Amino acid sequence: MAGQLDLSMDSMEETRFKKRNQYLIQRLEKRLHFTYAEIECLLLIYYKLWKEGLVNNPSQEGVTKVQFRDVLHCALDMTDDSLMDRVFLALDKGPSSCISMETWATAFSLFLRGTIEEKIQFCFSIYDIMGDGILARDSIFQLLRTSLVSQSGEEDAEESARDMIEVITKKMDIDRDGKISYADYKQSVLKNPMLLEAFGQCLPSRQATFSYLTTFTSTGSTM
């Protein structure tokens, strides 16, 4: 599996890596949903991927966004290509082609054990194409149409998207002003969590979440 911990890593190299990053791990433990030992394992996975990249590019400064995308696609079943660019933008707005260890750990904390409030904020930021805190009908239509084409290749995606808009806005436009605000979205999802990814996949499936957790935790438990 992409991103699986390399258990054959030299023990001295692993010890040096852990010691070198102990203060980062302590800092991350205070704000993420992982134990110290789990963060160690996550960062070792990052280090393994980085080393693999160095074989072809000796100047590579970390795990590339391409490598990270492969992990999300293969290990976490995040296959909606239409939204992946926005997922990356929400996680890391920097211009670098690589992601930092902190971004890596923060992303997995959200994906694997994030609270419903964290996931609501993250998903809405993905869907908020205009960045104005509002999901207007045009934006909703664009999201739904693109997602339908990406996921199923529907030829009549436009018609299906228009039908879905009517159903979804009736459920989520709480104040009936013709658009969905963050407050509308949050209230709707808290009432019905099935609406969290109403406009396209932004998070791993439950099965993929559990499977990936078991690669570096003893229980595989989510929050």
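Guide: Of the 223 residues of the chain, 46% count as buried, where buried means under 20% relative accessible area, exposed over 50% and partly exposed in between, with a 1.4 Å probe and protein chains only. This is a predicted model, in which local features need pLDDT of at least 70 and side-chain atom pairs count only at pLDDT 80 or more, while totals for chains, interfaces and linings use all residues. Residues are numbered from 1 along each chain as its sequence is written, and side-chain values use heavy atoms, with hydrogens and water left out.

Visitor: What makes the chain as compact as a globular protein of that length?
Guide: The chain has 11 helices and 4 strands; these are DSSP runs numbered from the N terminus, helices being H or I of at least four residues and strands E of at least two. The radius of gyration is 19 Å, close to the 17 Å from the globule rule for 223 residues, so the chain is as compact as a globular protein of that length. The radius is taken over C-alpha atoms, and the rule is 2.2 Å times the number of residues to the power 0.38.

Visitor: Why is the pair of Phe111 and Phe122 called edge-to-face?
Guide: Rings of Phe, Tyr and Trp (its six-membered ring) pair if their centres lie within 6.5 Å; planes under 30 degrees apart count as stacked, over 60 as edge-to-face and the rest as tilted. By this rule there are 15 aromatic pairs. For Phe111 and Phe122 the centres are 5.9 Å apart and the planes stand at 80°, so the pair is edge-to-face. Phe111 belongs to helix H6 (residues 101–113) and Phe122 to helix H7 (residues 116–127), so the pair ties together parts 11 residues apart in sequence.

Visitor: How do you know whether Phe111 is buried or exposed?
Guide: Its relative accessibility is 1%, therefore Phe111 counts as buried. Phe122, at 7%, counts as buried.

Visitor: What makes Phe124 and Tyr182 an aromatic pair?
Guide: Their rings lie 5.2 Å apart, centre to centre, with 80° between the planes, an edge-to-face pair. Phe124 lies in helix H7 and Tyr182 in helix H10 (residues 182–191), so this pair ties together parts 58 residues apart in sequence.

Visitor: Why does Tyr182 count as partly exposed?
Guide: Tyr182 has 30% relative accessibility and therefore counts as partly exposed, whereas Phe124, at 5%, counts as buried.
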